[in-house]
Amino acid sequence: MTAEKTASLQMSDLVPARPEDFGYSRYMPRLWHGMTYSAWRNLSRGQLRNHRQMRLGLYASITALSLGNSLLSALSQAAYGRALARTSFHEDPVFVLGFWRSGTTWLHQILSCDPRYCAPTSLQVFMPETFLLLRHAMKPLTRLWLPESRPMDNVALEADSSEEDEVALVLSGAPSILRIAAFAGFETSASAADLAQLSDEERDLWRRKWAEFLTKVQYLSPDKRLMLKSPAHTMRIREILRVFPKAKFVHIVRNPYEIMDSFLNTGLAMTATQTVMKVMPRPEYQVDSAIAAFREFHEIFERDKGLIPEGNYKLVRYEDLRRDTKSVVQDIYSDLGLGAFSMIEPGLDRLIDARKGYSPKAAMVDPDLAARVDQEWFEYFVRYGYPTRSERNTGEL
């Protein structure tokens, strides 16, 4: 939907964006405060025409901070550029794959317990252009700029929490699906997660920004293997293997009804808390997008899945990981050859103890939506062995 179309239908299609509904103050930093001026200018190009629907104070604060980020980015490059040019990847990374809300964050945090691996941190992904220069100064100030938890699921956020590199990509100015959150309903910039849908120029920009960020992360942990996670990487198998032909992949799947319920709630939370606009599309507009995105996501993955070398791919189910975390992780290590399981065991035990008593809320999908999920996501049900509600009701398991 274009900005012009959304603006003309704002009374019927838009509702107030209320970050406070998700425990997020209007005055808290947004993702976009970590951008340089060039990245922010590209993302916000043409948006001032929608100034009546915009939080102008927020827009101004992001613009002002982006100028400072640009200066600090230049200083960081001057200080670390030569060292980064000499930095090479210790080993091809391990990637956590899966659709949004499938349990990718939890699995990523689990695997990041291994001291032989390093994952991008919250501080790194939220300040991708400046963290090398500012990491020592900003870490003690974490609580001043970082929310205590993510607005969509209350997962704790700390400076050293493992985070997805997709955030670093979008803040560096690369094409990313996360771009749509900035001007939800008014977006006009490149947001495709499938690199094949990008222009040559956009694809080259994505590749350059990804390589630059990963090199910085590796520079700080030169003897460790990268542990990366981004749901969108599930659609980038061809590109990942082009850069890292020996990469390993752990793919997590989950009950489709739980995915749909959580995905819709996450979309509302991300949009309400991160948009620069005063308004956002009505919740019902997310349903059609979610249905289509899920289907396209898995079509692209199935198209390229066969490119992964034998022995470098492991499928796990969220439900199994919850029921017997340790055994599932041990199987991952054994099947992918990730090294001695004993190295991750102490950190894994601490993480399991910390999650005792946690139980995700039951999926709340109304019957009409469940029927659409049954029909339009049927291939996923079959491929990964999940019964539809109709099959449960008739006993056809």
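This is a predicted model: local features need pLDDT of at least 70, side-chain atom pairs count only at pLDDT 80 or more; totals for chains, interfaces and linings use all residues.
The side chains of D349 and K326 meet in a salt bridge, with N and O 2.9 Å apart. This pair links distant parts of the chain: D349 belongs to helix α16 (residues 345-354), K326 to helix α15 (residues 325-336), and 23 residues separate them.

Side chains of opposite charge can pair when their charged atoms come close. The structure holds 28 salt bridges, and one of them joins E164 to K229, where the closest N and O atoms are 2.8 Å apart. E164 sits in the loop between α8 (142-145) and α9 (165-171) while K229 is in strand β4 (residues 225-229), so this bridge ties together parts that lie 65 residues apart in sequence. Because buried means under 20% relative accessible area, E164 falls in that class at 10%, and K229 does too at 3%.

Another bridge to find is the one between D320 and R317, with an N to O distance of 3.9 Å. Here D320 counts as partly exposed at 25% relative accessibility, and R317 is also partly exposed, at 26%.

Now turn to helix α10, which covers residues 200-220. At 1.5 Å a residue, its 21 residues should span 30 Å, and the end C-alpha atoms are 31 Å apart, which agrees with that expectation. Which residues of α10 are buried? They are R203, W206, K209, W210, F213, L214, T215, K216, V217 and Q218.

Next, pick out D304, which has its place in helix α13 (residues 284-304). Is D304 buried or exposed? With a relative accessible area of 2%, D304 is buried. Leaving aside neighbours within four places in sequence, D304 is in contact with I237 and R238. R236 is 68 residues from D304 in sequence, yet the C-alpha atoms of the two are 8.3 Å apart in space. There is also a polar contact of 3.0 Å between the side chains of D304 and R303.

For those who like to check backbone torsions, R101 deserves a look. Most residues other than glycine have a negative phi. R101 has a positive phi of about 75° although it is not a glycine. You will find R101 in the loop between β2 (94-97) and α5 (104-111), and at 18% relative accessibility R101 counts as buried.

Which residues make up a nonpolar patch of about 260 Å²? The patch is made by L71, L75 and L133. Of these, L133 lies in helix α7 (residues 131-138), and its relative accessibility of 32% makes L133 partly exposed.

Notes:
Residues are numbered from 1 along each chain as its sequence is written. Side-chain values use heavy atoms; hydrogens and water are left out. Helices (H or I, at least four residues) and strands (E, at least two) are DSSP runs, numbered from the N terminus. The expected span of a helix is 1.5 Å times one less than its number of residues. Buried means under 20% relative accessible area, exposed over 50%, partly exposed in between (1.4 Å probe, protein chains only). Patches are made of residues with over 30% relative accessible area and no salt bridge: like charges are joined within 9 Å, nonpolar side chains (Val, Leu, Ile, Met, Phe, Trp, Tyr) within 5 Å. Accessible areas come from the Shrake-Rupley method with a 1.4 Å probe; for residues, only the protein chains shown count as cover. A salt bridge is a side-chain nitrogen of Lys or Arg within 4 Å of a carboxyl oxygen of Asp or Glu. Contact means heavy atoms within 4.5 Å. A polar contact is a pair of N or O atoms within 3.5 Å; within protein, one must be able to donate a hydrogen and the other to accept it, and residues adjacent in sequence count only if both atoms are side-chain atoms.
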